[in-house]
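I opened a new notebook page for this structure. My entries below keep to what I looked up.

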Amino acid sequence: MKNSAPRRTVVTGVGVVAPNGIGPDVFWKATREGRCVLDRITREGCADLPLAVAGEVREFDPAAVVEERFLVQTDRFTHFAMVAADQALADAALGPMPTFGVGVTTASCSGGGEFGQRELQNLWGQGPGFVGPYQSIAWFYAATTGQISIRGGFKGPCAVLANDEAGGLDALAHAARTIRRGTDAVVVGAAEAPLAPYSMVCQLGYDALSLAREPGQAYLPFTANACGFAPAEGGAMFVVEEAAAAHRRGARIRAEVVGHGATFTGTSGWGPSRHGLARAIRDALAEAECAPQDIDVVFADALGVREADQAEVLALSDALGGHAARVPVTAPKTGIGRAYCGAPVLDCAAAILAMEHGVLPPTPGVFDVCHDLDLVTGRARSAELRTALVLSRGLMGHNAALVLRRGDGRPGTPYPTA
């Protein structure tokens, strides 16, 4: 008789390019220590802009890690994703796969602003003969999915999500659905590079953007001094696989993607996000077959706008009931900035590493919490972590929640089940 059990999705590879470190180990050390790397922006052409503080990925040389033929075709946001994908694939030790067995899914908010700005400057300053042929594709949101697919020879189902910041979580959910439909593995994640002058000017239209001049004051969610978010570049990529196949090949099961919910509440203010985020959480818990008390840690969206922070706290209370006041909540992104679609996938990487190490990372720079939640501040905490809830909201009204369950971290051994 044919086995009708649903195909489960597990994470077997993790790759990270973040302002506080390149590679999962470096990223985790800085995250666990609560290191804050927000600083004044140093990019050329940005000195006189109102936006002063962000999380930059420094000491990143794309020429050293990306082949020339791909380098000239792609923007910085794709370079980040390529490097993170290489890390994830090496971590997963993914062997030979069927020709159409591996897909690619990414999410993006900002696209290739740096590449686009350079080519437009060439157009207006020197003429159309000085615009490179790759201008038509390098800036585009789908460029990362396409280039990772071409570079890796991955011919399975491919997709790109351009649905606001929450698209980072939605991309993982899309990959899980792709696995359920029969694909063997998916390279999935998001990376952003929104710190070119053109991109930064575009962001100045966001009311939630922090214009604080001092790094220590720029991003303080859940406090009375909250004044918006500091943006960032970077992101994370993962290899997800069908669970039984990953187990048969002896892969290290780092986590399982068990539940997802997504809603849309529009741009009429942050108040409605309370109800949309609460619904997304309930839907994610239902799909994961988790009770509220099963959640061991929440990685918060943590926008840094008072109304939005209050809406998130109320959404947790609506969805988790009394457990909302007891469950530890953390927002490591306050130490690196909010990398748009890259932010929630960096939170997913942190959640996976936190569950593996039994450590709750702190919320850097935040101390005087003015909301009723158990925000992890100051130092990391040791804890038994089996299930994590990751939240994300976009500036255009998308809300998403993702539930991750801990893997056992050892090859060839069954992972925990519900």
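I am working with a predicted model, where local features need pLDDT of at least 70, side-chain atom pairs count only at pLDDT 80 or more, and totals for chains, interfaces and linings use all residues. Residues are numbered from 1 along each chain as its sequence is written, and side-chain values use heavy atoms, with hydrogens and water left out.

**Aromatic rings.** I looked up ring pairs (Phe, Tyr and the six-membered ring of Trp, centres within 6.5 Å; planes under 30 degrees apart are stacked, over 60 edge-to-face, the rest tilted). The count is 6 aromatic pairs. How do the rings of Tyr206 and Tyr340 sit? Their centres are 6.3 Å apart and their planes at 50°, so I noted the pair as tilted. Tyr206 is in the loop between helix 9 (197-203) and strand 8 (234-242), and Tyr340 is in the loop between strand 11 (328-330) and helix 13 (342-357), so the pair ties together parts 134 residues apart in sequence. Helices (H or I, at least four residues) and strands (E, at least two) are DSSP runs, numbered from the N terminus.

I then checked accessibility (buried is under 20% relative accessible area, exposed over 50%, partly exposed in between; 1.4 Å probe, protein chains only). Tyr206 is partly exposed at 31%. Tyr340 is buried at 3%. I also found one aromatic cluster formed by Trp139, Phe140 and Tyr141.

**Asp164.** I found this residue in the loop between strand 6 (158-161) and helix 8 (167-180). The backbone nitrogen of Gly397 lies 3.3 Å from a polar atom of the Asp164 side chain.

**Val376.** This residue is in the loop between strand 13 (374-375) and strand 14 (381-382). Val376 is buried, with a relative accessible area of 0%. I looked up contacts (heavy atoms within 4.5 Å). Leaving aside neighbours within four places in sequence, Val376 touches residues including Pro328, Val329 and Thr330.

**Thr105.** I placed Thr105 in strand 5 (residues 102-107). Thr105 is buried at 1% relative accessibility.

Definitions and conventions
Polar contact = N/O pair within 3.5 Å; in protein donor to acceptor, adjacent residues only side chain to side chain.
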